[in-house]
Amino acid sequence: MTQPQQVDVVVIGLGVGGEEVAGRLAEAGLDVVGVERGLVGGECPYWGCIPSKMMIRAANALAEARRVDGLAGSAEVRPDWAPVARRIREEATADWDDTAAVARFTGKGGRFVRGTGRLAGPGRVAVGDQVFRARYGIVVGVGTRPSVPPVDGLAGTPYWTNREAIEVAELPASLLVLGGGAIGLELAQVFARFGVRVTVVEASDRVLAVEEPEASEVAAAALRADGVEIHTGVRVERIDHDEATGFALRAGDGARFTAERLLVVTGRRAHLDEVGLDTVGLDGGQRYLPVDDRMRAGDGIWAVGDVTGEGAFTHIAMYQAEIVVRDLLDRVGRVPGAPDASGTAGADGVAPEAAGGVPRADYRALPRVTFTDPEVGAVGLTERQARDRGFDVRVGFAPLSSSTRGWIHRVGDDGFVKLVADAERGVLIGATSVGPAGGEVLSALVVAVHAAVPVDRLRHMIYAYPTFHRAILTALADLA
């Protein structure tokens with residue numbers, strides 16, 4: 001290895017969170033090296049949030065066209081995957097090329113290094129033959145990869161993960177989806193609406209097992225209405241593949257499922273054993289990298305994004321990135337003789353961005369949305385989680401179809417608002433919003449949980465009429 005190069009900060013992994021941290025610190029005037037072995041931007045812009053929502057938007061347009069018959073006459077729908085694949089390739093991913101993203105980072109003053117970054121002792125990062133010594137800190141944002149179950153026969157077969165599903169140019173005739181979580185259901189519904197015969201196989205006793213049971217029921221019913229077969233409580237014993245016939249999945253009870261293609265979406269995992277954590281006294285054998293409320297994993301080491309285990313969401317990565325940036329700038333400002341990271345340091349040498357203290361991570365009001373149709377939005381604790389934690393729980397429920405807007409919507413108005421309250425404090429500690437705009441209605445509920453707004457105050461707000469979010473008022477009345 002060459003002699004270590006002295007820099008201010010090294011960011012290992014330029015996914016959503018890492019890119020934000022590296023770019024912000026470079027803009028602040030620090031000497032930042034960003035290391036990425038894949039594509040700058042990570043999973044979200046190339047194989048996740050952006051292209052998948054393009055697919056969902058197209059599939060939902062087909063569904064809406066089919067609903068014309070119940071509302072405004074008749075419509076003939078002929079699905080065509082080609083414009084969807086073309087939009088993903090040309091508009092979302094630039095044919096899976098990150099040239100623009102790299103230029104965006106270097107344009108802010110950062111230095112980009114393509115390769116696999118690995119910790120090589122305190123303050124040191126090795127990338128191939130290069131070694132960098134970070135003066136102020138190292139940020140680990142290596143993300144996660146699909147976690148593939150050790151099912152007999154699966155290894156070595158051409159199964160899909162979310163990446164192959166997003167990149168597909170021509171749809172198969174049939175698809176087996178192993179995993180009934182958010183990603184599995186979103187993609188299952190998309191492909192079904194484009195004419196693919198889809199079967200979802202889930203080990204838990206219901207799909208969307210992390211959400212409220214009522215949400216699982218609505219989502220499962222919606223997918224079945226689109227022609228998706230859903231099988232829950234299935235223990236997979238073996239998977240076989242044949243070039244001519246495709247995939248065959250054998251369950252423990254003797255059931256057999258077949259399809260041309262197999263999509264495996266059974267969770268994600270950080271591969272920490274590749275990061276060199278042992279060289280700085282951290283355990284690389286964990287599923288995720290634990291951090292404190294300032295995203296610190298160890299002395300001079302921060303972590304951001306999926307690798308922290310707080311949720312594989314872009315909005316979590318961005319939220320954490322803000323904390324890391326401010327904590328690092330605060331550290332830089334307090335180091336004697338450090339460069340002015342803001343360009344306008346105060347008289348006490350502390351960067352103005354750090355004035356008022358560094359925010360601490362708080363996940364009580366973590367929002368999550370499954371972008372099926374209807375959407376499933378949730379925040380905070382489910383009813384079961386709240387009861388398991390010993391809260392004095394009160395629940396309010398309002399079917400969306402009982403609202404005026406739901407009645408007007410008529411077709412595709414499945415959904416509800418469910419509120420979970422801590423009766424002792426009189427505040428919401430969780431909520432679920434399912435419906436055509438479930439993710440948008442959720443925003444009001446996120447504010448209520450985050451700010452611990454008293455339930456009585458929520459009851460006396462003015463809710464616009466006729467809107468889907470007015471169902472919140474009905475759920476509040478049921479809560480009483």
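I started with strand S8 (residues 174–178), which runs parallel to S14 and is joined to S14 by 4 bridges. Strands here are DSSP E runs of at least two residues, helices are H or I runs of at least four, both numbered from the N terminus; two strands pair if DSSP finds at least two bridges between them. I looked up one partner: valine 177 bridges to leucine 263 in S14.

Housekeeping: this is a predicted model, so I note that local features need pLDDT of at least 70, side-chain atom pairs count only at pLDDT 80 or more, and totals for chains, interfaces and linings use all residues. Numbering goes from 1 along each chain as its sequence is written, and side-chain values use heavy atoms, leaving out hydrogens and water.

Next, the whole sheet: 4 strands, open, parallel, in the order S10-S9-S8-S14. Strand S10 (229–231) and strand S14 (261–264) are at the edges with a single partner strand each, so one side of each lacks a neighbour in the sheet.

Then cavities: I got 1 of 30 Å³ or more. A cavity is a set of 1 Å grid points, over protein atoms alone, where a 1.4 Å probe fits but cannot get out; lining residues have an atom within 4 Å of a point. The largest cavity has a volume of about 50 Å³, volume being the space filled by probe spheres set on points joined across faces, edges and corners. Its lining includes Leu400, Phe416 and Phe468. S22 gives the largest share of that lining, 3 residues.

Conventions:
1 Å grid on protein atoms, 1.4 Å probe; cavity = no way out; pocket = protein on both sides within 12 Å on 5 of 7 lines; lining within 4 Å.
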